[in-house]
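Got a model open and want to know what the labels on it rest on? Let's take them one at a time.

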Amino acid sequence: MKIGFGLGILCQVANFYCHILLRNLRGPGGKGGYQIPSGFLFNIVTCANYTTEIYQWLGFNIATQTVAGYTFLAVSTYVMSNWALAKHRRLKKLFDGKDGRPKYARRWMILPPFL
């Protein structure tokens, strides 16, 4: 149980940091358009925020051991996997390296360990 809660808390803190990195991509007033996230887990994973959230819920479910929790984990993993695939495709399309735009770096994974 302690391992599950420890994993959950660690991943929740990591998820919070991912959201800080994403927030810092915006310009003043919340504007700025799309930018390529980088730093922390974003250097190896396209959607580090979804990855840490999934693992946070996994830790929670290791600790609590409920059917409802595992059902929520399965559904949310499916939904976030679809979001991650769409985001990866969108970033590759937007940042194609043409017309002076930066090229989207090849990431190791879109959403580990699934994609």
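This is a predicted model: local features need pLDDT of at least 70, side-chain atom pairs count only at pLDDT 80 or more; totals for chains, interfaces and linings use all residues.

Numbering starts from 1 along each chain as its sequence is written, and side-chain values use heavy atoms, with hydrogens and water left out.

Q: What makes Arg-101 and Asp-96 a salt bridge?
A: The rule asks for a side-chain nitrogen of Lys or Arg within 4 Å of a carboxyl oxygen of Asp or Glu. Here the closest N and O atoms are 2.9 Å apart, so the pair qualifies.

Q: How do you know that Asp-99 forms a salt bridge with Arg-101?
A: Their closest N and O atoms are 4.0 Å apart, and that counts as a salt bridge under the same cut-off. A search of the whole structure finds two salt bridges.

Q: Why is Asp-99 called exposed?
A: Exposed means over 50% relative accessible area, buried means under 20%, and partly exposed is in between (1.4 Å probe, protein chains only). Asp-99 comes in at 71%, so exposed it is. Arg-101, at 35%, is therefore partly exposed, and Asp-96, at 24%, is partly exposed too.

Q: What joins Asp-96, Asp-99 and Arg-101 into one network?
A: Salt bridges that share partners do the joining.

Q: What makes a set of residues such as Cys-47, Tyr-50, Ile-54, Leu-73, Met-80, Ala-84, Ile-110 and Leu-111 the largest nonpolar core?
A: A nonpolar core is a set of buried Ala, Val, Leu, Ile, Met, Phe, Trp, Tyr and Cys residues joined through side-chain atoms within 4.5 Å. These eight residues make up the largest such set. Elements giving two or more residues to this core are α2 (48-64) and α3, with the largest share, three residues, coming from α3. Helices here are DSSP runs (H or I, at least four residues), numbered from the N terminus, while strands are E runs of at least two.

Q: Which residues does a second, separate core include?
A: That core has five residues, among them Cys-18, Leu-21, Leu-22 and Ala-48.

Q: How do you know that Leu-111 is in contact with Val-45 and Met-80?
A: Contact means heavy atoms within 4.5 Å. Leaving aside neighbours within four places in sequence, the contacts of Leu-111 include Val-45, Met-80, Thr-51 and Ser-81.

Q: What makes the phi of Gln-65 worth a look?
A: Most residues other than glycine have a negative phi. Gln-65 is not a glycine, yet its phi is positive, about 55°. Gln-65 sits in the loop between α2 and α3, and its 55% relative accessibility is over the cut-off, so Gln-65 counts as exposed.

Q: Where is Asp-99 found, and what is its phi?
A: Asp-99 is in the segment after α3. Its phi is near 55°, a positive value in a residue other than glycine.
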